[in-house]
Amino acid sequence: MYATEQGILNEQMNVQLAALGNEQLKGMLLLIANLNVRFGKDGDQYFYILGELPEPDCIVGFGTTPFNALEEFSKTYGL
């Protein structure tokens, strides 16, 4: 039996979440939930975006995993 791509990503996210401090993770998740941030995938990159491209004031975080994209978005936002 082969693992699905989503199953692998979920497991990667779980491992990274376990390694990250709960307070930092809580802040990142509250940020995306309260700001109505959109999540998606473009090619092999996942992203979180607040606003619309190509607006200069939109905030975007890209990564090879959903968690990496979340971290990058949080850094870009200033969290």
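Mentor: Let's start with a term: contact means heavy atoms within 4.5 Å. Keep in mind that this is a predicted model.

Trainee: Happy to! Which residues is Thr65 in contact with, leaving aside its neighbours within four places in sequence?

Mentor: With that exclusion, Thr65 touches Gln12, Gln16 and Tyr46. Thr65 itself sits in the loop between strand 3 (59-63) and helix 3.

Trainee: Is Thr65 buried or exposed?

Mentor: Buried means under 20% relative accessible area. Thr65 has 10% relative accessibility, so Thr65 counts as buried. Its contact partner Tyr46 is buried too, at 7%.

Trainee: Now the rings. How many aromatic pairs are there?

Mentor: The count comes to four aromatic pairs. Take Phe39 and Tyr46: their ring centres are 6.0 Å apart and their planes meet at 10 degrees. Planes under 30 degrees apart count as stacked, so this pair is stacked. Phe39 is partly exposed, with a relative accessible area of 44%.

Trainee: Which residues form one aromatic cluster?

Mentor: Phe39, Tyr46 and Tyr48 do.

Trainee: Where do Phe73 and Tyr77 stand on accessibility?

Mentor: Phe73 is buried at 0% relative accessibility, whereas Tyr77 is partly exposed at 37%.

Terms used
Residues are numbered from 1 along each chain as its sequence is written. This is a predicted model: local features need pLDDT of at least 70, side-chain atom pairs count only at pLDDT 80 or more; totals for chains, interfaces and linings use all residues. Side-chain values use heavy atoms; hydrogens and water are left out. Rings of Phe, Tyr and Trp (its six-membered ring) pair if their centres lie within 6.5 Å; planes under 30 degrees apart count as stacked, over 60 as edge-to-face and the rest as tilted. Buried means under 20% relative accessible area, exposed over 50%, partly exposed in between (1.4 Å probe, protein chains only). Helices (H or I, at least four residues) and strands (E, at least two) are DSSP runs, numbered from the N terminus.
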